[in-house]
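Have the sequence and the structure open as you read.

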Protein chains: 2
Amino acid sequence: MSRPREFDVDRVLHQTMEVFWNQGFKATSYEDLTRTTGVKKQSLYCVFKDKRSLFLKALALYREQVIAKLKEIEALDSSPGDKLDALRYSLLDDETGCQGCLIVNASLEFGTDDEQVTREAELMVEEVQLVLEKIISSGQKQQLISNRYTSIELASYLNNTILGVRVMEKSGSSREQIETVLRTSFGMIMS
Amino acid sequence: MSRPREFDVDRVLHQTMEVFWNQGFKATSYEDLTRTTGVKKQSLYCVFKDKRSLFLKALALYREQVIAKLKEIEALDSSPGDKLDALRYSLLDDETGCQGCLIVNASLEFGTDDEQVTREAELMVEEVQLVLEKIISSGQKQQLISNRYTSIELASYLNNTILGVRVMEKSGSSREQIETVLRTSFGMIMS
DNA sequence: TCAGTTATTGACTGCATGGTCAATAATTGA
DNA sequence: TCAATTATTGACCATGCAGTCAATAACTGA
């Protein structure tokens with residue numbers, strides 16, 4: 001029917017996600033994107049409409065990845081304590097070369113100006129919150145985790161801890177500093 | 001000897017600080033600055049050299065303000081618990097119309113690219129850390145604050161909590177959400 | 001083989017922006 | 001009053017960038 005696309009849309013989306021992750025939205029130019037993906041500007045326009053649309057797709061992809069990983073941990077056949085440990089380690093060792101959290105970065109870059117970006121951030125927070133609540137409340141039932149606060153409060157608390165750690169990562173804190181914060185914050189909720 | 005300056009440098013620096021605080025570095029143009037300060041581009045160049053130099057001066061001013069406020073709280077004639085409460089309330093009610101923390105915003109915008117910005121962020125974290133440690137360790141001596149962790153660990157912990165809250169503020173979380181996080185995080189360290 | 005369709009390419013446009021220049025204004029000391 | 005000095009002003013410049021356009025290439029179904 002027509003000329004076939006010469007590149008893999010999914011691969012390109014992953015790569016652009018990493019560029020945005022590293023550099024932010026405004027600081028990323030089409031030149032950056034074509035350099036890392038090997039795809040010319042106009043081809044990107046054909047598939048992804050806009051710079052902003054492309055960015056939003058990258059945000060969504062990122063969120064899916066984060067949630068998938070978190071659910072993987074939740075689905076582990078182990079105690080709530082071990083699940084929290086697994087989460088802690090996964091926060092400490094980012095396999096990608098990227099730092100911080102794309103959505104945290106985006107939230108701070110856009111503030112509350114961009115409706116869609118804000119929505120994407122809320123979505124991620126809600127989903128993370130849910131998974132954390134599940135793990136925590138099962139830990140509380142086993143008397144493993146303190147009952148001084150509700151699972152909702154503790155999930156918000158952990159969520160916020162993670163936000164802070166994402167900032168530390170991106171702003172160049174040492175692994176030791178981050179490790180201390182994670183150990184203390186996660187340890188604190190154990191009864 | 002020469003023509004006197006027609007504007008107050010300090011006033012202008014405060015105003016530019018707020019613009020950068022609200023909009024970030026890249027998103028702020030000289031037009032924005034002249035609009036809010038009433039001072040023309042070239043005059044700003046005369047006094048502050050560069051956009052980046054101006055930004056760095058704003059960062060330093062911001063840091064001084066934050067530290068001053070924190071030391072004010074520390075110098076209060078009240079218990080460590082009350083001091084922590086005062087800190088918590090001050091985090092909850094920002095008197096300026098600005099959201100988040102200028103230096104956190106800057107850290108995320110620049111990553112670790114800019115030597116000076118990174119240094120400024122480190123400076124602030126160190127200073128905050130010191131004040132927090134003092135309050136915490138005196139609270140620990142009075143058995144008010146848990147001795148399960150060292151004052152250094154708890155100060156890092158609180159510092160990170162504050163980072164997270166700054167992100168929440170900027171990304172549009174509700175006052176209730178922030179209040180919950182602060183209450184839980186600050187409450188958690190009490191023995 | 002050809003018509004229709006979509007992808008690719010590179011050139012182009014318009015605009016915003018950081019930074020500079022040169023002319024002019026205001027001030028003070030001699 | 002004038003010379004020296006610094007502030008102010010508005011015009012100007014170079015650049016980088018998002019987005020568009022038009023020409024061409026590749027593919028398929030008829």
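What follows looks at how two chains meet and at one annotated region.

## About the model

This is a predicted model, in which local features need pLDDT of at least 70 and side-chain atom pairs count only at pLDDT 80 or more, while totals for chains, interfaces and linings use all residues. Residues are numbered from 1 along each chain as its sequence is written, chains are lettered from A and ligands numbered from 1 in the order in which they are written, and side-chain values use heavy atoms, with hydrogens and water left out.

## Where chain B meets chain A

Contact (heavy atoms within 4.5 Å) links 34 residues of chain B with 34 residues of chain A. About 3,000 Å² is buried between the two chains, 67% of it from carbon and sulfur atoms; buried area is the accessible area (1.4 Å probe) that two parts lose on being put together, summed over both. Leu108(B), Asn160(B) and Met188(B) supply 22% of what chain B buries against chain A, more than any other three residues.

## Charged partners

There are two salt bridges between chain B and chain A, each a side-chain nitrogen of Lys or Arg within 4 Å of a carboxyl oxygen of Asp or Glu. One of the pairs joined this way is Arg183(B) with Glu153(A), at 3.0 Å from N to O.

## An annotated stretch

An unreviewed UniProt entry annotates residues 29–48 of chain A as "DNA-binding region"; such annotations may be inferred rather than shown by experiment.
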